[in-house]
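Please read it with the structure open beside you.

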Amino acid sequence: MKKDISLYIHIPFCKQKCSYCDFVSSAQSEDVQTHYISLLCKEILGWKEYLSDRTVKTIFIGGGTPSILSVSNMQTLFNTLHSLPIPSETEFSMECNPESVTADKIHCMKQNAVNRLSIGLQSTNQKELQLLGRCHSYEQFLHAYEQIQQSGFDNINIDLMFALPNQTIQDHIRTLQKVVSLKPNHISAYSLILEEGTQLKKQVDHHYCEIPSEEEYIEMYRNTIHFLEINGYEQYEISNFSKQNHECKHNIVYWERGEYIGFGVSASSFVDKKRFTNPMSLQEYSEHTFYTPKAVSSIEQIDLEEAFEETIFLGLRMNKGLSIPWLKQQFPSFTGEQFKKTLSSLQNRGLIYPTENNILQLTQEGIEISNQVFLEILL
Ligand code: SF4
């Protein structure tokens, strides 16, 4: 039987840079985008032989803003992807932002077997959207959402953020209420992280706006979990909630350390226990792919210790947790006395708990301060 593989395709273009963003993305002309797509297709085709021996389980076109591509560039990319053996049941996701969604583009995605759309909204509050530097309004989002639904897409994610500048508990609840009333079957809710060097970090440092306190952040996170739960969304990962059977299969591949190939600038791949990373700048990516279809700029062999750390860090993000007997079997040299001591200390403080079936899970409090818990386990 062929082994499963997932594909990630990075589109590093956006209409403008959001104030909080440190992703590899920038505003570029259509000519630059067209050139990039031709390199991307070359890179994808360079893996064609390798992929003939794999089953493509999921595809995710992310960014950046993939919906910024013209219909013609989208079609070129889809044609290349469809030259690979892609089963009809493959989960095929694409990210969109409201300002660049058009009926033509939605039609193109639908015609090319995209079966899951992820729309970046972040907030329904115009002032919050402005502080985030988003270039769309809530009304534009509603228009895009309606068009997407009318085109027959029924597997839709809405991306939200909380703990936003000047956001109150009530503002946040209003956003949750409005989004839930639209009945998407998946909601991602990430807390804002103020990244060094971003416009928003400077604004906060200069007291132009204020981010919520730690207590307010926890209250917003608890409200998110509670409100989504009573509305039929199961939390299956720290920041991800879905209706039954609508979890994002692609992200689960990452959290379960499944194999994937990333195409495009800054994308990384994980295959045969190695991590491959593509160049971080458009310029370097163009140079690499000009001479060879494989754009990889660095290869890292993942040793047992790193594999253990990743397994803990990624596995505990998921609410279903990690099987302790399985961990012991996979990593006998890392699950000895020291590991037991750390676990019992975390357990005594109510941050993790082993279930009756010997599954290690974060408690509610552990989920709220998950980064701290992971650090303790990995030290
Ligand atoms: S849309 Fe996303 S990738 Fe683009 S600038 Fe905003 S946050 Fe960054």
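**Notes on the predicted model**

1. Gly 64 is found in the loop between β2 (54-63) and α3 (71-81), where helices (H or I, at least four residues) and strands (E, at least two) are DSSP runs, numbered from the N terminus. The peptide bond that leads from Gly 63 to Gly 64 is cis, with omega near 20°. Most peptide bonds are trans.

2. This is a predicted model, in which local features need pLDDT of at least 70 and side-chain atom pairs count only at pLDDT 80 or more, while totals for chains, interfaces and linings use all residues. Residues are numbered from 1 along each chain as its sequence is written, and side-chain values use heavy atoms, with hydrogens and water left out.

3. Ser 25 itself lies in the loop between β1 (3-11) and α1 (30-46). Is Ser 25 buried or exposed? Ser 25 counts as buried because its relative accessibility is 12%, the term buried meaning under 20% relative accessible area, exposed over 50% and partly exposed in between, with a 1.4 Å probe and protein chains only.

4. Arg 257, in the loop between α10 (249-255) and β9 (260-263), has a positive phi, near 55°. Ser 266, in the loop between β9 and β10 (268-271), has a positive phi as well, near 70°. Most residues other than glycine have a negative phi.

5. Turning to the whole chain, the protein has 16 helices and 15 strands, and its C-alpha trace spans about 60 × 50 × 40 Å along the principal axes. The radius of gyration is 21 Å, which agrees with the value near 21 Å that a compact globule of 379 residues would have; this radius is taken over C-alpha atoms, and the globule rule is 2.2 Å times the number of residues to the power 0.38.

6. Buried residues make up 53% of the 379 residues. Among contacts between residues at least 6 apart in sequence, 71% join residues at least 24 apart. The protein exposes about 17800 Å², of which carbon and sulfur atoms supply 51%, the areas coming from the Shrake-Rupley method with a 1.4 Å probe.

Conventions
Contact means heavy atoms within 4.5 Å.
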